[in-house]
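Here is a short briefing for anyone meeting this structure for the first time. Take a look at the model below, then follow the points by topic.

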Amino acid sequence: KLHLVSIGVSQYADANLKLEFAAKDAQALAELFRTRAKPLSAEVNAAELVDSAATKEAIRDVLKSAAEQTDLEDTLVVFFAGHGAMVGQRYYFLPHELAKSAERLEDDIRAQGLPADEISDYLGRAKALKRVLIFDTCASGGAVALAGGDRSSFALRGAIERLSRSQGVFTLAASSSEEAAKESK
């Protein structure tokens with residue numbers, strides 16, 4: 001079986017975080033797997049969370065559910081599209097409801113974002129031996145740029161490598177501050 005969790009946020013509660021393609025990308029990826037994976041998998045279970053449905057709690061629930069449904073011979077693919085940010089040495093995915101309430105954006109991200117190590121914990125609970133995690137998010141060019149900061153791509157690389165070593169998860173990440181800045185509306 002193929003288990004897919006596809007998450008994309010274009011319309012954030014904070015209109016300043018709006019993106020053009022994240023939700024569309026999540027929907028397109030889910031459709032691609034539904035149609036093209038059938039010859040390879042006896043069953044395709046796809047869960048989509050886009051825009052207002054992609055809350056921190058809903059993401060946790062769908063990740064937990066997908067992990068619980070897997071068997072050893074299954075494949076689990078998890079896709080995130082939207083804003084991502086490095087705060088210190090920790091990567092966060094920004095869920096739909098992220099709202100400015102603290103003096104510094106980094107404090108809001110720490111409190112309201114979904115940290116990569118928590119995502120990794122959910123993937124680590126899956127019985128599936130084949131697990132793929134895809135981040136189509138901006139780590140330094142998107143949300144953190146709104147705070148006026150500049151981050152090194154090496155911090156994101158370190159977070160991804162820790163995920164791979166600790167959980168045996170293959171991780172793909174797209175991160176370009178120029179592209180993220182172009183997509184932000």
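The buried residues of helix 2 are K56, I59, V62, L63, A66 and A67. Because they cover an arc of only 135 degrees around the axis, they lie on the same side of helix 2. Please keep in mind that this is a predicted model.

**Helix 2**
- Helix 2 runs over residues 56-69, which makes 14 residues.
- At 1.5 Å a residue, helix 2 should span 20 Å, and its end C-alpha atoms are 20 Å apart, so the two values agree.

**The largest nonpolar core**
- In soluble globular proteins, nonpolar side chains tend to be buried together.
- Here, the largest nonpolar core has 49 residues.
- Within this core, I7, I59, L63, V78, F80 and I119 touch the most other members.
- Strand 3 (residues 75-87) gives the largest share of this core, with 9 residues.
- I59 is one of the buried residues of helix 2.
- Leaving aside residues up to four places away in sequence, I59 touches I7, L49, A54, F80, F93, P95 and L114.

**A histidine in strand 1**
- You can find H3 in strand 1, which covers residues 2-8.
- Is H3 buried or exposed? With a relative accessible area of 2%, H3 falls under the 20% cut-off, so H3 is buried.
- The side chains of H3 and N45 are joined by a polar contact of 3.3 Å.
- Not counting residues up to four places away in sequence, H3 touches N45, Q69, T70, D74, T75, L76 and V77.

Notes. Residues are numbered from 1 along each chain as its sequence is written. This is a predicted model: local features need pLDDT of at least 70, side-chain atom pairs count only at pLDDT 80 or more; totals for chains, interfaces and linings use all residues. Side-chain values use heavy atoms; hydrogens and water are left out. Helices (H or I, at least four residues) and strands (E, at least two) are DSSP runs, numbered from the N terminus. The expected span of a helix is 1.5 Å times one less than its number of residues. Buried means under 20% relative accessible area, exposed over 50%, partly exposed in between (1.4 Å probe, protein chains only). The arc is that of the directions from the helix axis to the C-beta atoms. A nonpolar core is a set of buried Ala, Val, Leu, Ile, Met, Phe, Trp, Tyr and Cys residues joined through side-chain atoms within 4.5 Å. Contact means heavy atoms within 4.5 Å. A polar contact is a pair of N or O atoms within 3.5 Å; within protein, one must be able to donate a hydrogen and the other to accept it, and residues adjacent in sequence count only if both atoms are side-chain atoms.
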